Structures are given as C-alpha cells and as structure tokens.
Amino acid sequence: MSYVEDYYQSEDGLNLCFRSYGHSSQRLPIICLSGLTRNSQDFDEFAETFSRDRQIFTLDYRGRGKSDYDPNYQNYNPQTYLQDIFRFLESQKIEKAVFLGTSLGGLLSIAIGGLAPKYVGGIILNDVGPEVASAGGSRIAGYVGKDVRFQSLEEIAAAQKEQYTSAYPDVEDSYWLETAKVSFTYDDKDKNFRPNYDLGLGKALVEQIEEGNSIDLWPVFENLKNIPMLAIRGALSDVLSEETFQKMQDILPEMQHITLPNRGHVPLLNEPQSLQALTRFLDKT
C-alpha cells in the first residue's frame, strides 16, 4: 500500500510520525488512533480499503513506532496525547475529520468529541467505550512496559499466538507474523527484537493506576448525541463489557453498533461484518 510518512512537532519539541494514505478530497479525512502500545502500522489494511476517495492519516503517539521517545515518561498520559493530536490537526490544517479509535484511541476520540466537537464529523469506536472493564484493564497493565526480547519474528509470532489466541480463535498463522512486525522492532545494539514502544510507558501507567486515575467518560459520552458514531465490539472482549455496550446504545440510540463473533480485544476491522458496517457508516460521513 502506498503512503507518505512524515513528521510534525509537538509543543514540547518532539518529532512525531504519521502516515498519510490517499489524497485530499471533498470527503472528510479519517484520523486513525491506535491502542496503548500500538502504532500507525495497525491501520495499513484499513487504509488500503478506504483511502480510494479520501485521505487517511494514521498517527504514532509519542513513544511509539517512529515517533520520538519522551525523556519524561510522565508525559505518557491522555492529556498530553490530546495536545499532540490537536497540534497535528493544526499542522495539517484539518478543520474536521472522522476519528477511528482503537482502545486508547477510542477513549481519545470520545474526549476530542467532548472538548472540541468542531473537529469531529464522526467517531468509530473499536472495542472501547466510556468505561474500561476491570479484567481487561488489569490484563493490559500486566504486560505494558515489560522488556521482552526475541531472536526472530517467528519466535514473536509463536509467543503472541499463545498469548492472544483466545481473542482470535479463528485467524490464520500469517496474521501472527504480520502483527509481530508491527509490535516489535529490531534492536541493532542488542541484536534482537524489542517492543516497538518506549518501556517507560509501563511506569507511567502504573503510577496513573496507583494515583486512582480511573477512566469515566460517561458524562462526555452523553454529550455526543449530535456526532455520528459507529461502535464495534468483539464478543469475547474483556475491555468493553456487554453491559457497557448496551448502556452506550441506550444513551445514544442513533449510534450504529455491531458485535463480532470470535473476536476479543480488539477486532481487526477486516472481518466481513466489520467491513460492511464501516462501509455503511463512512458512505454517510
């Protein structure tokens, strides 16, 4: 897939990487925001599918992918990410866009809708809502920031299949190799593969949990009634509970929604049902 890779500068001087797919058009651009430890490469297949008639941007948060790592790990927090995203919008002169948020990216999308609705022409939430289930939150906190090393991509693929197969019981082995390339990067110094993010992120997350910074975006979510929204949930998800998903539908009855079988946290967005729902939603935004 053809894309342009570029950088913009954060308010505190970090060079932050993003990818641009497709070309500017009359259609609203789509801004893709990844999960906590993930990066812009997660959306390559999505961008290939939906960038034929609009521009799609995928962002590396600070400390992820090819973006600069922050010398102060405490800056790895939602408030700073939001500042960076607003800076990106200004740098690209984007006045309005559709925001596609996976996990953390969905929380940030909800926050942007509440803080600056003028920028938001639509929101797609991928397996996340205003409240994070405790089981999923604990699981994520348990692995973020661990310095796990591997000698080959094949080793990574095998380990990730063993760790996450319950969330993806029917994917082919080729998927695990592809996600290994996104999740890890080669360390020239140590001659092995390391996680593709700043491990300081784990320390920041632990401190935020200890300080009791729990996520409750219900008051913000309730004020998004005028923003078109599509919510996607994996039926096996431990992050977006069935109860929370139903409450979201009750609060925003106009919200489009879909639950995918055989998917945990998070759906890959290439499932036939996902593609159908995404196409219906994006045709109108």
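Predicted model: local features only at pLDDT ≥ 70, side-chain atom pairs only at ≥ 80, totals over all residues.
Two strands count as paired if DSSP finds at least two bridges between them, and strands themselves are DSSP runs of E with at least two residues, while helices are runs of H or I with at least four, both numbered from the N terminus. Residues are numbered from 1 along each chain as its sequence is written, and side-chain values use heavy atoms, with hydrogens and water left out.

**Strand E6 and its partners**
- Seven of the seven residues of E6 are buried, where buried means under 20% relative accessible area, exposed over 50% and partly exposed in between, for a 1.4 Å probe and protein chains only.
- Strand E5 (residues 97-102) runs parallel to E6, joined to it by six bridges; here Phe99 stands opposite Ile123 in E6.
- E6 is also joined to strand E9 (residues 229-234), by four bridges and again in parallel.
- In that pairing, Leu125 stands opposite Ala231 in E9, and Asn126 stands opposite Ile232 in E9.

**The whole sheet**
- Eight strands, in the order E1-E2-E4-E3-E5-E6-E9-E10, form an open sheet with mixed pairing.
- Strands E1 (4-9) and E10 (256-260) are at the edges with a single partner strand each, so one side of each has no neighbour in the sheet.
- On average, neighbouring strands of this sheet are turned by 20° against each other, direction ignored; axes are lines fitted to C-alpha atoms, for helices over the stretch in contact, and angles run from 0 to 180 degrees between N-to-C directions.
- Helix H10 (residues 272-282) packs on the sheet, touching E3 (30-33), E5, E6, E9 and E10, and its direction makes about 170° with that of E10; contact means heavy atoms within 4.5 Å.

**Helix H3, between E5 and E6**
- E5, helix H3 (residues 104-115) and E6 make a right-handed β-α-β unit: with the strands pointing away from the viewer, the path from the first strand over the helix to the second runs clockwise.
- Ten of the twelve residues of H3 are buried, among them Leu104, Leu108 and Ile112.
- The buried residues of H3 pack against E3, helix H2 (78-91), E5, E6 and helix H8 (218-221).
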